[in-house]
Structure formats: C-alpha cells, structure tokens
Amino acid sequence: MILESYFKEISEELSSNIIAFKDKHPEIKNNYYPEELTKLFEKYIEVYGHAYCMDVGSERKKLSKLLYRALNEMKH
C-alpha cells in the first residue's frame, strides 16, 4: 500500500537524521541543545504526530519550538 511505504520511507529518514544529529552534536549528551534540534522535532512530529492533526507544517514548527524551549528551561 502507498501509505505504508510512505510511512516506512519517512520513518527511516527520521532514524538516519537522529543518528546524524547525535554525531554532529555530541553536546546533546550533556543537556546542551542546539537550535537545530527544532528541525529534528518537526520531522519527528511529522512521522509520529500525523494522527494528532500535526500534518500542517506551521503547526509542527510551532510545536517543535515549544519543545525546544521546554528542554532548555528544564536543564537549568
């Protein structure tokens, strides 16, 4: 089915993006979050949040920024 292959494709892309992000930003292991994390959040929301009306790009962007701010507030 087309939807299954689409989901598989974007979830595999997300997995490779997560691995690459952790390699590029090792400081994340020490709770230092670069702003580029918002783009990874957006992709994660796109893959797993579709059922929660997160299929609108602008809403994913807003939510990813909120998550980024929350992580940074929690580390202090």
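Student: In what order do the elements of the protein run from the N terminus on?

Tutor: This is a predicted model. It holds three helices and zero strands. From the N terminus on, the elements run α-α-α.

Student: What share of the residues of the protein counts as buried?

Tutor: The protein has 76 residues. A residue is buried when its relative accessible area is under 20%. The buried share is 29%.

Student: What share of the contacts with a separation of 6 or more comes from residues 24 or more positions apart?

Tutor: Take the contacts in the protein with a separation of 6 or more. Residues 24 or more positions apart account for part of them, and that part is 58%.

Student: What does helix α2 reach from its first C-alpha to its last?

Tutor: Helix α2 covers residues 37–48, twelve in total. At 1.5 Å a residue, 16 Å is expected. The reach of α2 is close to that, at 16 Å.

Student: Which residue forms a salt bridge with K43?

Tutor: The structure holds two salt bridges. In the one with K43, the closest N and O atoms are 3.6 Å apart. This pair links distant parts of the chain, helix α1 and helix α2, 30 residues apart.

Student: By how much of a helical turn are E59 and K62 separated?

Tutor: E59 forms a salt bridge with K62, with the closest N and O atoms 3.1 Å apart. Both residues sit in helix α3, residues 57–74. They are three residues apart, so their separation is about one helical turn.

Student: Is N31 buried or exposed, or partly exposed?

Tutor: N31 is found in the loop between α1 and α2. N31 has a positive phi of about 65° although it is not a glycine. Most residues other than glycine have a negative phi. The relative accessibility of N31 is 40%, so N31 counts as partly exposed.

Student: Which residues make the nonpolar surface patch of about 320 Å²?

Tutor: Patch residues need over 30% relative accessible area. One member lies in helix α1, namely F7. F7 has 38%, so F7 passes that cut-off. The patch is made by F7, Y44 and Y48.

How values were computed. Residues numbered from 1 in each chain as written. Predicted model: local features only at pLDDT ≥ 70, side-chain atom pairs only at ≥ 80, totals over all residues. Heavy atoms only, no water. Helix = DSSP H or I, 4+ residues; strand = E, 2+ residues; numbered from the N terminus. Expected span 1.5 Å × (residues − 1). Buried < 20%, exposed > 50% of the residue type's maximum accessible area, 1.4 Å probe, protein only. Contact = heavy atoms within 4.5 Å. Patch = residues over 30% accessible without salt bridge, like charges linked within 9 Å, V, L, I, M, F, W, Y side chains within 5 Å. Areas by Shrake-Rupley, 256 points an atom, 1.4 Å probe, with all protein chains shown as cover. Salt bridge = Lys/Arg side-chain N within 4 Å of Asp/Glu carboxyl O.
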